[in-house]
Amino acid sequence: MITLEKTAFLNGIKAVKSSTAKVGLQPILSNIHIKCIGQALELTATDLNSSARTIVEANIATPIDVCVNAEKLENIVARLGEVITLELKDAFLEIKSGKTRFNCLTLNTEDYPEVKFDIEGEALALPMIDFVNGINKTIFATSPEVLNVLNGVCFTFGQDGYEFASTDGNRLCQIKFEGSVGKEGQFIIPRKTLLDVAKNSNDEVKICLGNKDVVFQIGSTFFKTRLINGVFPKYQQLIPQNQPLNATMKRDELIKALEKVAIMCDERTSTTVFNFNNNELNIVTSCENGNAEDNLEIWFEGELKIAFNYRYLLEGIKAMTTEDITFCMSNALSACVIKSDDNFTFLAMPMQLRNE
């Protein structure tokens, strides 16, 4: 019999569950491999492209080595009391808490793929807070629908610091961090793995690069994924350096204004018109049911009418953390660079208005 705390067990299940296969020809890949190592449970999951492993402390009297359906296991444990016992009975894993008992069918572990999380050589060590910040500020600008370089975040590191970048073809994000990691390189990490890594909390993340794979270690939890093969766009060259029209405004005020006028935005196009006129910004939306507008006081000299997809714009602005943000523009059809004081740059492509 094995006794363990519900919270630790449930957190361990959640840490690896997203690496299981949702559909496929190998049903065992929808399972979590549970194995005893000393006085702890080792939980492993894989869909053959990405994998995860974590350790959960437990009081082990009789060890087990089983594969259990991940979805069922999470739903069961989430509804049990604070102390849980596990015991293997024939082909079933008995899961008990108080007066509640579940019997889950197990599969043969001999059919489960062996996953190695060995970290060979020197790993990159980054502050976890920076790594998660980099993910959160770029992940939304990846393209979930494609299976190429635009599905991931480009991580570049060198002697002067490191940076994250992403683009889905309509917008581009870049955030820089100071501090040398002692190496130079660049690789593209799939968004799925980054979403899993960002859920964890620790002081630092260790990153070990292989020829085709990367392993992330966060405390006693490991994530392994295949790197995206391909050449990431040369995004530094896409960011305009000389934009003569600069409009500075309060970030929170812009967010509130966009969220209000979005009620009357065309759902198909999400077109939102920005009318810059000296120190005033007029924001306009319209649809078959009517229209809306709002006005903001800004710091700007000149006139410009430019349109954006408000959904894309909101995601980028919400990722910023500073009080003031600046729109750097040249004309209605050229890329707009939105900057904040936290080393974060967001590039948004404008939309072409009809009859203009």
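## Reading the labels

Guide: Strand β2 and strand β3 (residues 40–46) run antiparallel and are joined by 4 bridges. This is a predicted model in which local features need pLDDT of at least 70 and side-chain atom pairs count only at pLDDT 80 or more, while totals for chains, interfaces and linings use all residues. Residues are numbered from 1 along each chain as its sequence is written, and side-chain values use heavy atoms, with hydrogens and water left out.

Visitor: What makes β2 and β3 a pair of strands?

Guide: Strands (E, at least two residues) and helices (H or I, at least four) are DSSP runs numbered from the N terminus, and two strands pair if DSSP finds at least two bridges between them. With 4 bridges, β2 and β3 therefore pair under that rule. I34, for instance, has L43 of β3 as its bridge partner, and in the hairpin of these strands, which has 3 residues between them, G38 takes a positive phi near 60°.

Visitor: Which strand is joined to β2 by 5 bridges?

Guide: That is β6, which runs antiparallel to β2, and in β6 the bridge partner of N31 is N69.

Visitor: Why is β2 called mostly covered?

Guide: Buried means under 20% relative accessible area, exposed means over 50%, and partly exposed lies in between (1.4 Å probe, protein chains only). Of the 6 residues of β2, 5 are buried. Across the protein, 51% of the 356 residues count as buried.

Visitor: Why does D196 count as buried?

Guide: D196 lies in helix α4 (residues 191–197), and its relative accessibility is 6%, so it falls under the 20% limit and counts as buried. The side chains of D196 and S18 are joined by a polar contact of 2.6 Å, where a polar contact is a pair of N or O atoms within 3.5 Å; within protein, one must be able to donate a hydrogen and the other to accept it, and residues adjacent in sequence count only if both atoms are side-chain atoms.

Visitor: Which residues does D196 touch, not counting those up to four places away in sequence?

Guide: D196 touches S18, S19 and F223 on that count, contact meaning heavy atoms within 4.5 Å.

Visitor: How do you know on which side of α2 its buried residues lie?

Guide: The buried residues of helix α2 (residues 70–78) are A70, L73, E74, I76 and V77. They cover an arc of only 165° around the axis, which puts them on the same side of α2; the arc is that of the directions from the helix axis to the C-beta atoms. An α-helix has 3.6 residues a turn, so residues three or four places apart point the same way. The buried residues of α2 pack against α1 (6–17), β2 (31–36), β6 (65–69), β7 (83–89), β8 (92–97) and β9 (100–107).

Visitor: How many disulfides does a search of the whole structure find?

Guide: The search finds 0 disulfides, a disulfide being a pair of cysteine sulfur atoms within 2.5 Å. The sulfur of C173 is 13 Å from the closest cysteine sulfur, in C336, and is therefore too far for a bond. C328 is in no disulfide either, as the nearest cysteine sulfur, that of C336, is 7.1 Å away.

Visitor: Why is C328 called buried?

Guide: Its relative accessible area is 9%, so C328 is buried; C173 is also buried, because its value is 0%.
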